[in-house]
Amino acid sequence: KDILSEQFRYEVSNIYVELKKIDLAVAHLEFLVKKRPDDPTFQNDLGFIWADNGMNLKEAESLIRKAIELDREQRKKRKNFDPKTDQDSGAYLDSLGWVLFKQKKNTEAKEWLLKAIEDKKSQHLEIFDHLGDVLTVLGEREGAVRAFESGLKVVSDNRRDLERKAAVEKKLEKLKNSK
């Protein structure tokens, strides 16, 4: 029963993010983080939502770093754990890179975002978009163009990706016209 209600709250938090009702999404995630402090997904999602909305950036960074550590600990306990092939979740590394970017720690953000795209399961437009934004701010125009172009190659057909695609295309056009 508890697991179902937690799953429901988590899904509802995602719906609130889609509806841009961030305060309501945060309320559900804060509840889940308190209830299950060892769940890296809840830690990461709350941290990312705060970062993405420019809220509680130091606390967001702490939550995301904790999510990465919790996830590492949990992976090490798996029977099929292989330290040679083990890697951190690209989604969590993206969250860390994004919160660092929001704090203007751009060089460190770049490092984490480059690690995030190494995870083949995390080849998403959003992560390439984040990397492109960081590289743009760092003045690495060619790298930013490559990041945005790579992101456009992996666009899904969900509403959020399609909205982001239009924004990325505008950023790319602006970069290409600013030679």
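Start with Asp133. This is a predicted model, and in it Asp133 has a relative accessible area of 15%, so this residue counts as buried. Its partner is Lys171: the two side chains form a salt bridge, 2.8 Å from N to O. Lys171 is partly exposed, at 26% relative accessibility. Look at where they sit. Lys171 is in helix H9 and Asp133 in helix H7, 38 residues apart, and the pair links distant parts of the chain.

Arg75 and Asp71 make a salt bridge at 2.6 Å, N to O. Both belong to helix H4, 4 residues apart, about one turn.

Now Arg160 and Glu18. Their salt bridge is 3.3 Å, N to O. Arg160 lies in helix H9 and Glu18 in helix H1, so this pair ties together parts 142 residues apart in sequence. Arg160 is partly exposed at 38%, and Glu18 is partly exposed at 30%.

On to the pockets. Which residues lie nearest the centre of the largest pocket? Arg160 and Glu18 are among them, along with Val17, Phe48 and Glu126. The volume of this pocket is about 950 Å³. Its lining has 10 nonpolar, 9 polar and 11 charged residues. Helix H3 gives the largest share, 6 residues.

The second largest pocket has about 270 Å³. Arg75 is one of the residues nearest its centre. Its lining has 1 nonpolar, 6 polar and 8 charged residues.

Definitions and conventions. Residues are numbered from 1 along each chain as its sequence is written. This is a predicted model: local features need pLDDT of at least 70, side-chain atom pairs count only at pLDDT 80 or more; totals for chains, interfaces and linings use all residues. Side-chain values use heavy atoms; hydrogens and water are left out. On a 1 Å grid over the protein atoms alone, a cavity is a set of points where a 1.4 Å probe fits but cannot get out, and a pocket is an open set with protein on both sides within 12 Å along at least five of seven lines; lining residues have an atom within 4 Å of a point. Grid points are joined across faces, edges and corners, and a volume is the space filled by probe spheres set on the points. Helices (H or I, at least four residues) and strands (E, at least two) are DSSP runs, numbered from the N terminus. Ala, Val, Leu, Ile, Met, Phe, Trp, Tyr, Cys and Pro count as nonpolar, Asp, Glu, Lys and Arg as charged, and the others, Gly among them, as polar. A salt bridge is a side-chain nitrogen of Lys or Arg within 4 Å of a carboxyl oxygen of Asp or Glu. Buried means under 20% relative accessible area, exposed over 50%, partly exposed in between (1.4 Å probe, protein chains only).
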